[in-house]
Amino acid sequence: MLDLIYHLPEQLQNAWVVGRSCSVRKRRKVDNVVITGMGGSAIGGEIVKSLLLADTSIPVMVWRDYRLPPMVGRRTVLFASSYSGNTEETIAAYLSGRERGVQIFVLTSGGRLAEMAAGDGVPLIKIPSGMPPRAAIGFMSIPILVVLNKLGLCHNYEDDIMETEILLKERMNFWRRRASALGNFLFKQIPIIYSMSRVLDWVGYRWQCQLNENAKVIAHHGCLPEQSHNEVMGFGAPDFINKRIFIIGLFDKKSAHHRTLIRFQEMVKLLRGYIAGFRIYETEGKSLLARMFSLSVFGDLVSVMLAKQRGVDPLTIPRIDELKGSLSRRKM
Ligand code: PA5
């Protein structure tokens, strides 16, 4: 897993090439973009959504469920995104998009989705197989950006991708050392991650998922300022978790309101008796893409370092596999 994280800069480059090779035909006026997928295959959609929020007026939604919402219609561009191509929720969403005559793109390394796309004449963005889906974050995001650019729905992110590649290469060793130190703090604690601006919400959630899947620990993500209006009241109960929670604040100076950082600082003061500690981590880089990746890759490294300290294998996800297996034996 560590190796895959270290090779993310090359993956971003290859993902760009994969996206360029997809043939795109502009069909009609577009009202919205929906990216449907689950787990590691949905996070690419979140990256696209955050970038487009700052870039265009087209609404982008990430949909993690079987049935698509009513807003999906003939003027929707839908990406059905599943690394394996066999995730039942994504297959069901693809089928409901097909029924509604939506313009669909399939993003996958193979499986049933690839077969259905070939059979239905749906453009297939084929990515390399053999990785854990959550490690294919570049392949699950960049090709979508390229296709949306070809459709004229967003600008060309090539420079931002290049900046991100350079930043990751330069900072990886430093982040790894810092991740190892944070891993020590998190050992035997419950991590709570607070994202302090909306473009970092997916990053906070990515931290939670990576800690769950790679390090096999329970973790929780919340958003500030919202959670300071409700969740803050929950600290202290049940009392056996007092001093067992470690708070991580994710901060991006360019997108966060300055009051949110003050809010975070005042909030952790109030929680002093209940938490084991806290740290704030700030984004690095110029473009939004690079800034988001700077903290998301750091989170990936933390999850792997914690996995190492806990003696668990970050590559395997037996409980998820078992659940998929038992569901596949139940009638749809
Ligand atoms: O990271 C993982 O392995 C999971 O979160 C998967 O991404 C999730 O189960 C969905 O599978 P897939 O990505 O193959 O659609």
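**Exercise 1.** Find where the ligand sits in this predicted model.

*Solution.* The ligand sits in the largest pocket. A pocket is an open set of points on a 1 Å grid over the protein atoms alone, where a 1.4 Å probe fits, with protein on both sides within 12 Å along at least five of seven lines. To sit there, more than half of the molecule's atoms must lie within 2 Å of the grid points.

Residues are numbered from 1 along each chain as its sequence is written. Local features need pLDDT of at least 70 and side-chain atom pairs 80 or more, totals for chains, interfaces and linings use all residues, and side-chain values use heavy atoms, without hydrogens and water.

**Exercise 2.** Describe the residues around the ligand.

*Solution.* Step 1: 13 residues surround the ligand (a heavy atom within 4 Å), and Ser41 and Lys324 are among the closest. Step 2: by class, 4 are nonpolar, 6 polar and 3 charged. Step 3: a polar side-chain atom of Ser82 lies 2.6 Å from a ligand oxygen. For Ser84 the distance from a side-chain N or O atom to a ligand oxygen is 2.6 Å. Step 4: the ligand alone exposes 370 Å², of which the protein buries 95% (Shrake-Rupley method, 1.4 Å probe).

**Exercise 3.** How far apart are the centres of domain 1 and domain 2?

*Solution.* The domain assignment gives domain 1 as 2-156 and domain 2 as 172-310. Their C-alpha centres are 28 Å apart.

Conventions: Polar contact = N/O pair within 3.5 Å; in protein donor to acceptor, adjacent residues only side chain to side chain. 1 Å grid on protein atoms, 1.4 Å probe; cavity = no way out; pocket = protein on both sides within 12 Å on 5 of 7 lines; lining within 4 Å. Nonpolar A, V, L, I, M, F, W, Y, C, P; charged D, E, K, R; others polar. Domains from an automatic or database assignment.
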